[in-house]
Amino acid sequence: MSNRVVCREASHAGSWYTASGPQLNAQLEGWLSQVQSTKRPARAIIAPHAGYTYCGSCAAHAYKQVDPSVTLRRAMEDRNV
């Protein structure tokens, strides 16, 4: 397996979300800043997956419940799937 980093262009920029990086960041920060976290981090979330115009605010409620400091991430090779 290669350790090479692969980078691709964002295929939905300008349609599902703005193509402007600063504007996208402002939108995401705005939605997330309006949400309060629950008492405990979520173990799992179900979030909408559509254009940010349609679901950005709703998705922010789901993702705001995730605490990255307690999120377990493993490489695909380590999983028994």
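Predicted model: local features only at pLDDT ≥ 70, side-chain atom pairs only at ≥ 80, totals over all residues.

Tutor: A residue counts as buried when its relative accessible area is under 20%, as exposed when that area is over 50%, and as partly exposed in between.

Start with the setting. The protein chain has two helices and zero strands. Of its 81 residues, 14% are buried. The accessible surface of the chain is about 7400 Å², and carbon and sulfur atoms account for 52% of that. Take the contacts between residues at least 6 apart in sequence: 60% of them join residues at least 24 apart.

Now α2 itself. The helix covers residues 52-63. Its length deserves a check. A straight helix of 12 residues would span 16 Å at 1.5 Å a residue. Between its end C-alpha atoms, α2 spans only 13 Å.

Which residues of α2 are buried? They are C55, G56, A59, A60 and A62. Look down the axis of α2: these buried residues fall within an arc of 160°, so they line one face of the helix. What covers them includes α1.

Next, the residue at position 52. Y52 belongs to α2. Is Y52 buried or partly exposed? Its relative accessible area is 30%. That value lies between the 20% and 50% cut-offs, so Y52 is partly exposed.

The structure holds two aromatic pairs. A pair of aromatic rings is described by the distance of the centres and the angle of the planes. For W31 and Y52, the ring centres are 6.2 Å apart and the planes stand at 80°. Planes over 60 degrees apart count as edge-to-face, so this pair is edge-to-face. The pair links distant parts of the chain, with W31 in helix α1 (residues 21-33) and Y52 in α2, 21 residues apart.

Last, the cysteines. The structure holds zero disulfides. C58 is in no disulfide, and the nearest cysteine sulfur, that of C55, is 7.1 Å away. A disulfide needs two cysteine sulfur atoms within 2.5 Å. C55 is among the buried residues of α2, whereas C58 is partly exposed, with a relative accessible area of 48%. Elsewhere in the chain, C7 counts as exposed at 75% relative accessibility.

Conventions
Residues numbered from 1 in each chain as written. Heavy atoms only, no water. Helix = DSSP H or I, 4+ residues; strand = E, 2+ residues; numbered from the N terminus. Buried < 20%, exposed > 50% of the residue type's maximum accessible area, 1.4 Å probe, protein only. Contact = heavy atoms within 4.5 Å. Areas by Shrake-Rupley, 256 points an atom, 1.4 Å probe, with all protein chains shown as cover. Phe/Tyr/Trp six-rings, centres within 6.5 Å; stacked < 30°, edge-to-face > 60°. Expected span 1.5 Å × (residues − 1). Arc of directions from axis to C-beta.
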